[in-house]
Amino acid sequence: MWINQLLYCLLAVAHLYLPNLVHSQDTDSSHIPQNLKCITHDLKTVICTWTTASATSLGITYRFCPTFSSSTGNCSETADKVADFPLMLFDPFTIKVFTLNSGKVIAENTFKLSDMDISFVPPTPHIYSLTPDFSTNTLFLEWKDGGAVFPQKLSATWEIQILRKDPMEEVAQKTYHSQLMAVDTVLHWNWTSDIPFECTTHYVRIRSFLHERDFPGNKEWSEWSQFANISGQDTDSSLNTLPAVYPIDKVVLVGSNVTCCCVWKTGQRFITLGYDACEPSQCPTVRLSNLSMLIYATNVRSFPSGTNVYCEMELTEKTYYGTVIFAGYPPDVPQNLNCETQDMKNLMCKWGVGRPTKLYGPRSTKYSVLERISGKNITTDYNGLAEEISCNFQILNKQTAHHVTVFASNDLGQSEASLEIDVNQRIRPRAPSHLEAISSNSTNIRLSWYLDGSFTHISLRCQISRSNSSKILNVPLEGAENSRYNTTINKLLPYTTYKFRVRCSAAPPLFWKWSNWSTVFSLTTSEAPPTKALDVWRERSSDGETVNVFWKSLPVSERNGVIQSYEVSCFLPDMPKESKSIPETQNSTEIKIGGNDCILTVVAKNKGGSSPPSQINSAEILTDDAITENGIATGDGIYIAWPPDSNVICGFIVRWCQPSESEPCVVNWEAFPSNATNAVIKSALFQPGVRYTFSLYGCKSNGYQLLKYVHGYTKELEPSVAPLFKVEKATSDSIWIKWENIPVVDSRGFLKGYMLHFSKEEEGSKNLKSCTSGHPEACINITDLKQNTLQISSLQGKTSYYLNLYGYTAGGIGPSSSLYVVTKENSVGLIIAIIIPVAIVVVLGIVTSILCYRKREWIKETFYPDIPNPESCKALDFPKDPEGNPNVKTLEMNPCTPNNIEVIETQSPCLKIEDTAMISPVAGELPEDGFDSETESHIVVSYCPPIIEEEISNAPIDESAGSSQVIYIDIQSMYPAADKLKEEAEVDCVAAAGYKPQMQLPVNSAGKMDYASAAEEDVDKAAGYRPQVNAPSWNKGCPDSPTSIESNNENASFGSPCSISSRQFLIPSKEDDDSLKANSIGWSFTNFFHNKSND
């Protein structure tokens, strides 16, 4: 579609200019009119303008000739290149423009146009006024819309451009819409600047656009109007103004942003601009002009005294200028607006201020009240602190309907609230005043009060409140003009002080609110005679000559005044009445009756009169069977019960005496009807743990009779003291104790019994187990209160016992008293304890002696055998040397050089000693002596007996240098034991090894290495001295001893039961002791009993 429109425009342009080009071929082309443009401002006249290529205008004029299709227009001449003609829409036309020079046409041009070629451009608007409001930084713009030019209504759009400072910078461009109403109308528009107008100059201009829907041509914006400006303080024209900071004392909304500026004179030097509520880095400054500077503050907070903005400048000296910024809130809508009247003369309105504005003094909210019907307007004063505001204005000409509006405003905004009321339904009278009693007696008064207000045409309702009563008295009244009102109040108590208050309101249906209560009015009614008879009791003396009369004071509510005295009378038969007056401070008196019976009468008197008489018979019926019972404690009283008695016709009396420390016992009593069978006696003077004694009397026709006594406690407590007890007697198995009963005053309850707790304890050990803790065997409960002694039996003699005795009541267990007792020793038991052990010892001694005598030989052989002589021991009978001399020097303990020992074993796979040779160290090898090396093992060890420094007289001279040899061949064969050869293989190899040297035995035969190793391990395990043979193989005697021979011990071998130079047994190691016990018990006992030394 847009392509078709473009082609259409191109064809139109070609149609317009091609004829003109052909037509002007013979003209001066520099003066040919061209660029014809036609516009209309008012839709009535078309104004056309054109241009020429030549700028010469001297003597040049133009002829403008419009031609319409329906008519021919008039030609006009003009020296300017502007001409106009009437607008004719919907009619194509042709315009010829001729260029004339001295009246001669030198160029022409023809333009064919239609209404589409004419543009509608509104007239240039004109600013009527531009007014600034420096307090709000708001400019108010006024201009005329030019509507009188157009006969029809048109919609107009206005563009308003705001610029500021020099050179000008656009800061805002706003649009404004209006309607042209065929008359000139002044339009108003306002705009608020973000900086004060004093900071720099602000410029304003406008233009318009008219929305003419029926116009076929183009519609364009009008030309801009002339600038209107608001001059700032930074211009040359304002140099006489003092330097200042703007805005001055500005009020802004809390949390808003504020822009302030500092303006100074030419010649002054600007130093700094600051805002107290923020750091310089948080409030940036911007240069506005050569004489002004801006500062921006964001999120302004509220302070009661505001926040300072300061500017420092210097001319001849440093000077500070500044302003204050106040932050707050616009006024809230008035809250709870309420209007009412108190006297039908003035209307009072109240409302709450709502949210505080945080603005005070001259910047606080201004309130005004407008009554729209009467037109009355009232302004109120508000300091910014109160939470509620009130306003009064007069009700005019009996006006009842009112329409009230409250306006609130401050520098940040305004609000309002309205209320429509009828004052007849908004009556709240003032509080009644001047209360007084017109008349009064003991039971009623007439109360009067004053009420301010004009209530002539309405009814009132008042309420009267009095002390001592929760009821409110409602009194209907007819309204009057500033009048007193009164009413009568009945059913009051005599001699009673009352406090009265009064409040009033409009009676329904006009009720709105009650007035405030009046001030309290106090009044005391007059006295009246006491309304109740006294409660009396009497007690006759033992001789019957006098009687004591007691009475109780009347309660205050029944006295009806102040009791001045009591009157006591006695009526005796055939005797005149006797009366006596008792002061009101006494509650008893004594009357002499001379052993007669009389009727006693007591009355109380005050200013109002006497109380009803109280009578009591002085006669008392004797009784011999009055019983004593215990009452039941109830916690706050004592429960007493009695059986019904048909003879009692005038009630029962329970009498008791209240003990007192400083005064005699105070008699008290309580009366009950004749049909009563029980009672709970209560008194504020009763104390827990105190015993009270009550006397129950029955009132019969001929007097009072004592029926029984009752003891009781309001609450039983545990005894306060421990019972005193002592030990009467103590035997070996019993203890007798005796105690004294706890006094009644200390029992603090009915004593139920005593508890005795005893236990065997050391003296001072007092941690006795309680009888209630599961150990009743050590407790004795004594419930017989008449009992005061007790025997504790089944005790142990000569034993310490600790006794605890305590009493208990229903209130608990009292403290205990303790005794420490030791029972006597039982002599019979001691004798038996001595005789029995002695008898047992004697019998055992006799039996033992008999057995020992019969077995004396066995005992001797077993426990003390004969000790063999080492010199006669065959084991030491060595063969002689080749010269025939016995070779026994080898057993002498002489100094010698180390020798070699060879042990040869046979007849067993175990290692046995068969041959022993001692060879000098100088010898090169052992002599074979004819033994077969294949069947015998040779064990060669180094042996050196202890060196004993003893001279031997028969020692050979060459013995140290020569080779001495001692050979023991088959020592074991000297004592054969063929019957045990089969068991020999079962004997431990090490145990049967025969002679065991003190050094390691190197075994020549490789076949015997295992047995030698076992022997080495045994040697290593032993500590200290090791014997020369294995201990289990020792023969405990010499070979020729009876024991050795008889024992037939196959394992007996040469060894050291007999040492070389001593007849003492060698002591085996500890490990060998155990084996000795296993192998040869006889030797062990012999060794044990052997204590002789061989000298």
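**A sheet and its surroundings**

Author: Strands (E, at least two residues) and helices (H or I, at least four residues) are DSSP runs, numbered from the N terminus. Two strands are said to pair if DSSP finds at least two bridges between them. As background, the strands of a sheet pair through backbone hydrogen bonds, either parallel or antiparallel.

The model is a predicted one, in which local features need pLDDT of at least 70 and side-chain atom pairs count only at pLDDT 80 or more, while totals for chains, interfaces and linings use all residues. Residues are numbered from 1 along each chain as its sequence is written, and side-chain values use heavy atoms, with hydrogens and water left out.

Within the sheet, β48 and strand β49 (residues 638–641) are joined in the antiparallel sense over two bridges. One of the residues concerned is Ile632, whose bridge partner in β49 is Tyr639. Val690 is partly exposed, with a relative accessible area of 25%; the class lies between buried, under 20%, and exposed, over 50%, with a 1.4 Å probe and protein chains only. From C-alpha to C-alpha, Val690 and Gly749 are 7.6 Å apart in space, although 59 residues separate them in sequence.

A second open sheet of three strands, again with antiparallel pairing, has the order β24-β25-β28. Its edge strands are β24 (335–341) and β28 (388–394), each of which pairs on one side only. The twist averages 15° from one strand to the next, where axes are lines fitted to C-alpha atoms (for helices over the stretch in contact) and angles run from 0 to 180 degrees between N-to-C directions. Strand β25 (residues 346–352) is paired with β28 in the antiparallel sense over seven bridges, and Trp351 stands opposite Ile389 in β28.

Strand β6 (residues 93–101) and strand β7 (residues 104–113) run antiparallel over nine bridges, with Val97 opposite Asn109 in β7. Two residues lie between the strands of this hairpin, and Ser102 takes a positive phi near 60° there.

Side chains also form links between parts of the chain. Side chains of opposite charge can pair when their charged atoms come close. The count of salt bridges comes to 21, a salt bridge being a side-chain nitrogen of Lys or Arg within 4 Å of a carboxyl oxygen of Asp or Glu. In one of them, the closest N and O atoms of Arg63 and Glu77 are 3.4 Å apart. Arg63 belongs to strand β3 (residues 60–68) and Glu77 to strand β4 (residues 76–78), so the pair ties together parts that are 14 residues apart in sequence. Arg63 is partly exposed at 26% relative accessibility, while Glu77 is exposed at 53%.

A further salt bridge joins Arg538 to Glu620, with 3.8 Å between the closest N and O atoms. This pair links distant parts of the chain, for Arg538 is in strand β38 (residues 536–540) and Glu620 in strand β46 (residues 620–621), 82 residues apart. Arg538 is buried at 0% relative accessibility, whereas Glu620 is partly exposed at 36%. Asp343, Arg430 and Asp452 are linked in a network of salt bridges.

Glu312, found in strand β22 (residues 307–314), is buried with a relative accessible area of 8%. The side chain of Glu312 makes a polar contact of 3.4 Å with the side chain of Tyr320. A polar contact is a pair of N or O atoms within 3.5 Å; within protein, one must be able to donate a hydrogen and the other to accept it, and residues adjacent in sequence count only if both atoms are side-chain atoms.
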